[in-house]
Amino acid sequence: MDQPTVGILHPGSMGAAVAACAATNAAAVLWCETGRSTATAARAARFGLAPVAQLTELLDRSDIVISLCPPAGAEDLARDVAEHNFAGVYVEANAINPERAQRIAALLEPGATVVDGGVVGSPPVAGKTSTLYLSGPAAATERIEALFAGTAVQTAVLGTEIGKASALKLAYASFQKTSRVLVALAVGMAREHGVDQELIEVASKRTDSYLSEPQYVTKTAARAWRWGPELEEAADALAAAGLPPEMLRAAASTLARWHEVKDDGELTLTDALDRLAQP
């Protein structure tokens, strides 16, 4: 297969690093410098990306376009691309929900072929790797796999349905990023009372991730009747320390959906999740 020309929209910290990996198997990797900051220009130059003056030129020359921008701008960017009648492969790799990914596909098709993508991991620099999960038409996902073959961006195809890659990305991000906010709240509360080092010592005794132990959900559901009020107490403690309590109050509200299964030792994971989905 001939080496494709790739366009990156836009070279932020993740986008530039991913684009640099694509350059391994591409004829060229382009970016549009119009309206971008000097910091973006410096980053693009550092990663060896080729500047073009206008989006039209980038789209006319590119066989594959990768969209990696702040989530809020994903659809506006796709509309700009659609207005130029782009006819190549468009990789929608932003952290957006599956419904938005499907809307973007509808905007760009049938002219372009849309691949849903989700990047998990740190920017692939300095020995780090990331995984680009893909879903969409098989021929198009195969082209993206070939583009990143042998690079620090690993690829994994989840199927042909647009939205699957976005769903996986957000499902993981919902835990990964929220858990770090919870760390900040927990340490902040402990620090207010001078026990932050003791908290870290307690936590260091357990290194596994609850995300890899979904069976623990049933135990959580069975204990929700007392864990919810406990979190409300913790939320009050956060508020008293001048820290935001809303996240813990939201968690308590979620636990309230399991109040009817108090201490149910026979609850299955399926039952627990079904109850969580019921208002």
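Mentor: Tyr210 counts as partly exposed because its relative accessibility is 41% (buried is under 20% relative accessible area, exposed over 50%, partly exposed in between, with a 1.4 Å probe and protein chains only). The model is predicted: local features need pLDDT of at least 70, side-chain atom pairs count only at pLDDT 80 or more, and totals for chains, interfaces and linings use all residues. Residues are numbered from 1 along each chain as its sequence is written, and side-chain values use heavy atoms, with hydrogens and water left out.

Trainee: Where does Tyr210 lie?
Mentor: Tyr210 is in the loop between helix H8 (196-203) and helix H9 (216-240); helices are DSSP runs of H or I with at least four residues, numbered from the N terminus.

Trainee: Changing topic, how many disulfides does the structure hold?
Mentor: It holds zero disulfides, a disulfide being a pair of cysteine sulfur atoms within 2.5 Å.

Trainee: Are Cys21 and Cys69 buried or exposed?
Mentor: Cys21 is buried, with a relative accessible area of 9%, and Cys69 counts as buried at 16% relative accessibility.

Trainee: What sits over the ring of Trp225?
Mentor: The charged end of Lys262, 4.1 Å from the ring centre; the criterion is NZ of Lys or CZ of Arg within 6 Å of the ring centre and within 35 degrees of the ring normal.

Key
Helix = DSSP H or I, 4+ residues; strand = E, 2+ residues; numbered from the N terminus.
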